[in-house]
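Colleague: I would like to learn how to read a model like this one, feature by feature. Can we start with burial and then move to side-chain pairs?

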Amino acid sequence: MNLILDGIAASLVTTPRLKAHVLERPAADARTTVVFIHGNVSSSLFWQPLMLALDPDVRALAIDLRGFGGSETLPVDATRGVRDFSDDVASVLDALQCGPVHLVGWSMGGGVAMQYLLDHPDMVATLTLQAPVSPYGFGSTAGVDGTLINGGAGTGGGGANPDFIARLQEGDHTADSPASPRSVYRSTYVAAGFESEHEDLWVASMLTTATGDGNYPGNSSATDVWPGFGPGDAGVLNSMAPTHFNVSGIADLVTKPPILWVRGDADAIVSDASLFDLNHLGALGAIPGWPGPESAPAQPMISQTRAVLDRYAANGGSYREVVFASCGHSPHVEHQDDFLRELTTQLGN
C-alpha cells in the first residue's frame with residue numbers, strides 16, 4: 001500500500017535536534033502556511049486528505065513527532081512535559097525558514113501546539129485545537145482549575161493496555177481483538193459506525209508508533225495510592241501526566257492569536273467522562289478497588305479546556321468552540337468538509 005497520497009510530497013528534514021519526516025502539500029504562490037501536528041499513536045499520514053482539500057494557495061505541512069511516522073526514534077524526556085515534541089517542531093519550522101504559521105494540533109498534538117504557543121507566541125498566526133488534551137494534562141486532576149489529586153496516581157505509562165502495545169509491536173492489521181489497533185481505531189478514534197476508504201492507511205499510521213519506556217507508552221512509578229502506579233519520567237504518556245504537563249499559562253500570554261477549538265460530541269478519549277481516564281473506569285467498575293468520587297473523581301477535561309480558553313478570552317484573546325454532532329475523536333477525518341470550512345474561516349482571521 002502506498003502510504004503517501006498523490007499530491008503530497010514527503011521529505012526528511014535534518015535539524016540539530018532530529019531527523020524529522022515531513023509531508024507537504026505545496027502551493028506555487030502560497031499566501032499562508034498551515035502546520036499540522038498529529039496525536040498519540042498516529043502520524044502525519046492522518047492529515048493527508050485534509051491537506052489536499054485546502055485552497056491551492058495554502059501551503060500545508062504535517063510533521064511526524066519523534067518516535068512516530070517516519071521521524072527518528074528518540075527518547076522522550078517526560079519531565080519536560082511535551083517540550084521535546086514542541087522543541088522538535090520549532091527546529092523543523094526553523095530549518096524550513098517558516099515565519100509565523102497557522103498551527104493545528106490534534107489530541108496530544110493539541111498539547112504540543114499549546115506548548116509551542118507558550119514558547120513561541122510570535123510565531124503562531126492562529127491556533128486550531130482539535131480534541132486537545134486538557135491544558136492540565138491527562139488524568140488525575142479535579143475541578144476546572146486542574147487541581148492535582150493523589151500525586152498523579154493512575155496516569156502515565158502504567159495505564160496502557162499491554163495487549164495493545166504488543167499488537168503495535170507485532171504490526172497487527174486485523175480486527176481480531178478489541179485491543180488490536182484497527183479495533184481501537186474503530187471504537188475510540190471515530191464514532192460508532194463511521195467508515196472510511198482510508199482505514200487501512202489510518203491503521204498503518206498507528207503502527208508506525210515506536211514502543212518502549214522512552215517512547216510509547218513510557219515507564220511508570222509505584223505508589224501506595226489506588227490504582228498502584230503513578231507517572232514515570234520518560235515516554236509519551238508520561239509527557240502528558242499532570243505532574244509534568246501544564247499549558248494553562250496560555251491564558252496569560254501577551255500575544256494571543258485567535259484560537260479555534262473543534263471537538264466531537266461522541267469523543268471517547270477526551271471528554272468529561274473519558275474511557276481512558278482510570279478514575280472514570282474505576283467508577284464504571286472496570287477497575288476494581290476504586291476509592292470513590294471524593295478521592296478519585298473523573299477528570300473534567302472539556303470543562304478544564306473551556307475554563308482556560310475563557311480566561312484566554314477574558315485577558316484579551318479570542319476563541320471559538322465548535323462541536324460536531326455524532327462525531328468522535330477525529331473531526332477532520334469524520335467530518336472533513338465541516339472541519340475544512342471552520343479551518344478556512346480560521347485562516348482568514
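Colleague: Which residues of H6 are buried?

Modeller: Keep in mind that this is a predicted model. Buried means under 20% relative accessible area. In H6, that applies to Glu199, Leu201, Trp202, Val203, Ala204, Ser205 and Met206.

Colleague: What covers the buried residues of H6?

Modeller: Several helices contribute. Among them are H1, H4 (162–170), H5 and H10 (331–334).

Colleague: Now aromatic rings. How many aromatic pairs does a search of the whole structure find?

Modeller: The search finds 8 aromatic pairs. Take Phe46 and Tyr189. Their ring centres are 6.2 Å apart, and the planes make an angle of 35 degrees. Planes under 30 degrees apart count as stacked and those over 60 as edge-to-face, so this pair is classed as tilted.

Colleague: Where in the chain do Phe46 and Tyr189 lie?

Modeller: Phe46 is in the loop between strand E3 (32–37) and helix H1 (48–53). Tyr189 belongs to helix H5, residues 181–189.

Colleague: Are Phe46 and Tyr189 buried or exposed?

Modeller: Phe46 is buried, at 1% relative accessible area. Tyr189 is buried too, at 7%.

Colleague: Which residues do ring pairs link into a cluster?

Modeller: The cluster holds Phe36, Phe46, Trp47, Trp106, Tyr185, Tyr189 and Trp202. Trp202 is also one of the buried residues of H6.

Colleague: Rings can also meet a charge. Which charged end sits over the ring of Trp261?

Modeller: That of Arg263. The charged end lies 5.5 Å from the ring centre.

Colleague: On to salt bridges. What is the general idea, and how many does the structure hold?

Modeller: Side chains of opposite charge can pair when their charged atoms come close. This structure holds 20 salt bridges. One of them joins Asp87 and Arg80, at 2.7 Å from N to O. Asp87 is buried at 18% relative accessibility, while Arg80 is partly exposed at 28%.

Colleague: Which residues are linked with Arg80 and Asp87 in a network of salt bridges?

Modeller: Arg17, Arg66, Asp84 and Asp88 are in that network with them.

Colleague: What does the salt bridge between Arg83 and Asp119 tie together?

Modeller: Start with the distance: the closest N and O atoms are 3.3 Å apart. Arg83 lies in helix H2 (residues 83–95) and Asp119 in helix H3 (residues 108–119), so the bridge ties together parts 36 residues apart in sequence. Arg83 is partly exposed, at 31%. Asp119 is partly exposed as well, also at 31%.

Colleague: Which residue forms a salt bridge with Glu342?

Modeller: Arg341 does, with the closest N and O atoms 3.7 Å apart. Glu342 is buried at 12% relative accessible area. Arg341 is partly exposed at 46%.

Colleague: Last, the surface. Which residues make the nonpolar surface patch?

Modeller: Leu275, Phe276 and Leu284 make a nonpolar patch of about 280 Å². Leu284 is found in helix H8, residues 278–284. The cut-off for exposed is over 50% relative accessible area. Leu284 has 53%, so this residue counts as exposed.

Notes. Residues are numbered from 1 along each chain as its sequence is written. This is a predicted model: local features need pLDDT of at least 70, side-chain atom pairs count only at pLDDT 80 or more; totals for chains, interfaces and linings use all residues. Side-chain values use heavy atoms; hydrogens and water are left out. Rings of Phe, Tyr and Trp (its six-membered ring) pair if their centres lie within 6.5 Å; planes under 30 degrees apart count as stacked, over 60 as edge-to-face and the rest as tilted. Helices (H or I, at least four residues) and strands (E, at least two) are DSSP runs, numbered from the N terminus. Buried means under 20% relative accessible area, exposed over 50%, partly exposed in between (1.4 Å probe, protein chains only). A charge sits over a ring if NZ of Lys or CZ of Arg is within 6 Å of the ring centre and within 35 degrees of the ring normal. Contact means heavy atoms within 4.5 Å. Patches are made of residues with over 30% relative accessible area and no salt bridge: like charges are joined within 9 Å, nonpolar side chains (Val, Leu, Ile, Met, Phe, Trp, Tyr) within 5 Å. Accessible areas come from the Shrake-Rupley method with a 1.4 Å probe; for residues, only the protein chains shown count as cover. A salt bridge is a side-chain nitrogen of Lys or Arg within 4 Å of a carboxyl oxygen of Asp or Glu.
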